[in-house]
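Here is a short report on one protein model. Take a first look at the sequence and the fold, then read on.

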Amino acid sequence: MQVLFPRTIKELQTLLVEIPQGRIMAGGTDLLVQLRQSRQQITAVFCLEQLAALQQTGWQQDEFCIGAAVTQQQLLDNAVIRTEYCGLYQALNELASPPIRHAATLVGNICSASPAADSLPPLVVMDAQVDIVGPAGCRTMPIAGFISGPGKNCLQPGEFVRTVRLPRLPQGLVSSYHKVGKRKAMAIAVASLAAAYRLSADGEVAWIRLAWGSVGPTVIRSSKVEEFICGKPLTEEVLRQAGELARQAVSPIDDVRASADYRRSLAGNLLLRLLPGAAAREG
């Protein structure tokens, strides 16, 4: 197996065309495990560690752009992510362990398309997009449409994700990420919830987006739940009633981590974490 180190986007594009059986590797935290478990034979690995163009972050007009080779730890250390994209910051901080976060990339977590991926629910509620480069040129699409099923995305042969684009969030928007696992740390989500909302001057919800992870084949949103909460205060009664709608919206499965019924119950109960002071009470 060849291990190749492209230095430019053009070189990477050429390699993907000339060696279609090759695989891109950034941190390798998913790819190497997959290759070991499946014993799949591939002819080449294209490592991104010397491709400087994919290791950049920064503002482009009203979008914060993240290159495909930027690690999750670099994002946790980034002041913009920490202060302006709190839900994503919380999700990345929940993801795996520090050694993994120093190697794994946000784009890798996206492309793996796991229903339990921590980064996907907050990215969906923020309307994040990905830039995709391929033989036909460059196209941009929302992450919500990029994930097509468990472990599946919309990349075509010869294509790769170059950039993640986060729109600038309006002032006053509150974003958060909440997760239940089988233990306190380094756990795959049994169920998760990302929320972004804005309150009116009288304390009612003026706008809200919600996205659940690990309770369906892909991230799940529910316009019924959002519409029910909108125009109401964030009280326990309102969120319990919204929780009943959430349980009807999700489509979980039984697996080794939890039953479908338990996941359905969690999907509704996680809304209670949006109560003012809920995070402080949980410690």
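## An aromatic cluster

W59 is partly exposed, with a relative accessibility of 31%. That value falls between the cut-offs, since buried means under 20% and exposed means over 50%. The model is a predicted one. F64 is buried, at 2% relative accessibility.

A pair of aromatic rings is described by the distance of the centres and the angle of the planes. W59 and F64 make an edge-to-face pair.

## From F64 on to Y85

F64 also pairs with Y85. This pair is tilted. The centres lie 6.4 Å apart, with 35° between the planes. F64 belongs to strand β5, residues 63-67. Y85 sits in the loop between α4 (79-84) and α5 (86-94). The pair therefore ties together parts that are 21 residues apart in sequence.

Are F64 and Y85 buried or exposed? Both are buried. The count of aromatic pairs comes to 2. W59, F64 and Y85 form one aromatic cluster.

## Charges over rings

Which residue has its charged end over the ring of W59? It is R168. The distance to the ring centre is 3.9 Å.

Another charge sits over a ring at F228. There, K232 lies over the face of the ring, 4.2 Å from its centre.

## A covered strand

Strand β11 spans residues 174-180. How many of its 7 residues are buried? The number is 6, and the strand is mostly covered.

β11 pairs with strand β12, residues 191-199. The two run in the antiparallel sense, and 7 bridges join them. Across this pairing, S175 stands opposite A196 in β12.

## A nonpolar patch on the surface

Now to the surface. M1, V3 and F5 form a nonpolar patch there. Together they have about 300 Å² of accessible area.

V3 lies in strand β1, which covers residues 2-4. V3 is partly exposed, with a relative accessible area of 45%. Patches take residues with over 30% relative accessible area, so V3, at 45%, passes that cut-off.

How values were computed. Residues are numbered from 1 along each chain as its sequence is written. This is a predicted model: local features need pLDDT of at least 70, side-chain atom pairs count only at pLDDT 80 or more; totals for chains, interfaces and linings use all residues. Side-chain values use heavy atoms; hydrogens and water are left out. Rings of Phe, Tyr and Trp (its six-membered ring) pair if their centres lie within 6.5 Å; planes under 30 degrees apart count as stacked, over 60 as edge-to-face and the rest as tilted. Buried means under 20% relative accessible area, exposed over 50%, partly exposed in between (1.4 Å probe, protein chains only). Helices (H or I, at least four residues) and strands (E, at least two) are DSSP runs, numbered from the N terminus. A charge sits over a ring if NZ of Lys or CZ of Arg is within 6 Å of the ring centre and within 35 degrees of the ring normal. Two strands pair if DSSP finds at least two bridges between them. Patches are made of residues with over 30% relative accessible area and no salt bridge: like charges are joined within 9 Å, nonpolar side chains (Val, Leu, Ile, Met, Phe, Trp, Tyr) within 5 Å. Accessible areas come from the Shrake-Rupley method with a 1.4 Å probe; for residues, only the protein chains shown count as cover. A salt bridge is a side-chain nitrogen of Lys or Arg within 4 Å of a carboxyl oxygen of Asp or Glu.
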